[in-house]
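Dear colleague,

Please find below the structure that I am handing over to you. My notes on it follow directly after.

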Amino acid sequence: VINFAAGPAALPENVLLTAQSELYNWRGSGMSVMEMSHRGKEFLSIIQKAESDLRHLLEIPPDYSVLFLQGGATTQFAALPLNLCNPEDPVDYVVTGSWGDKAFKEAQKYCNPKVVWSGKAEKYTKVPSFDGFEQTPHAKYLHICANETIHGVEFKDYPVPKNPNGVLIADMSSNFCSKPVDVSKFGVIYAGAQKNVGPSGVTIVIIRKDLIGNARDVTPVMLDYKIHDENSSLYNTPPCFGIYMCGLVFDDLLAQGGLKEVEKKNQRKAKILYDAIDESRGFFRCPVEKSVRSLMNVPFTLEKSELEAEFIKEAAKEKMVQLKGHRSVGGMRASIYNAMPLAGVEKLVTFMKEFQARHA
Ligand code: PLP
């Protein structure tokens, strides 16, 4: 099938085939990656290569740590304030969709967050201009969700914290490794793996080293960045198989020529789909403002909304699955992460045109 799921999402076929061929016997070790000690030399080579390939891909500066954690991006919503703030500290959230909103609500338990801009009134179809909101003077950090998975809104460049001692933090769960990013603009980047780089169960945190070591006393050991950093992500048993899968994906992205090449492919796929929507004379609609449309998650509706269930059902018959929009927004959503081949998007567009011809 062609799988348009928002996450867990399709992985590159060659990566899955490699994992399959190594499943019972990883490179002559006689063991599956699932059966190895996380402290043995085999797994150490896997996690070290995964980190080094990711550093290469994103050109991560040496003063940043890379952590492979668990608990999903959702756990980071709490870990960030627990590691970076005291209870009274002000922090700012730009809320461009449901995930930014969830991050803000979790932070309310641990520090003093403020929503400095919200797209809610416009149904999360926009990103603010950088002088379009006022920041709190002493905010410890400014938090954004770089790509809102449900609403399909993506930052194309990034705001700068007003506080010279504050840092920018981004949830990049749904556009991680989809394009080059200047890591040095951020204090922390975090992402659940299960959209672009692996299976669920792995959360990647890229953090500037000087921000590590300030966790509050009450911070659970599993949320303390210092503990994970000092132990090279091996304080406790990590999600070994997931990290191995991420490593295979990083290897594949490097083999494709790195993130500049990956971005070009993603831009081409997204353009084909958005053009098809915009050229349908209103039969299909994407509510998101054109300049901030996501390259990864394309939400769209039908002018005749009563046809949406039929669209999804007929698409599934043509082996295009998981096109239903998120329950909170309805309509359709095509998630076209790195692993979605161009041919998959072309097939969807052909189907959309046929569907329109039949129903217009
Ligand atoms: N942030 C974004 C942008 C997401 O898309 C998701 C999940 O879809 C999350 C956070 C939550 O991630 P997790 O389910 O890994 O906790």
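Two residues are taken to be in contact if their C-beta atoms, placed from the backbone, lie within 7 Å. Among contacts in the protein between residues at least 6 apart in sequence, those joining residues at least 24 apart make up 69%.

This is a predicted model, in which local features need pLDDT of at least 70 and side-chain atom pairs count only at pLDDT 80 or more, while totals for chains, interfaces and linings use all residues. Residue numbers start from 1 along each chain as its sequence is written.

Overall fold. The protein has nine helices and 14 strands, taken as DSSP runs numbered from the N terminus (helices: H or I, at least four residues; strands: E, at least two). The C-alpha trace spans about 60 × 55 × 30 Å along its principal axes.

Ligand. The residues surrounding the ligand are Gly-7, Gly-72, Ala-73, Thr-74, Trp-99, Cys-145, Thr-149, Asp-171, Ser-173, Ser-174 and Gly-192 (C-beta atom, placed from the backbone, within 6 Å). Helix H3 (residues 72–84) supplies the largest share of this shell, three residues.

Sheet. An open, antiparallel sheet is formed by three strands in the order S11-S12-S14, where pairing requires that DSSP finds at least two bridges between two strands. Strands S11 (284–285) and S14 (332–335) stand at the edges with a single partner strand each, so one side of each is left without a neighbour in the sheet. S11 pairs with strand S12 (residues 297–302) over two bridges in the antiparallel sense, and Arg-285 stands opposite Thr-301 in S12.

Yours sincerely
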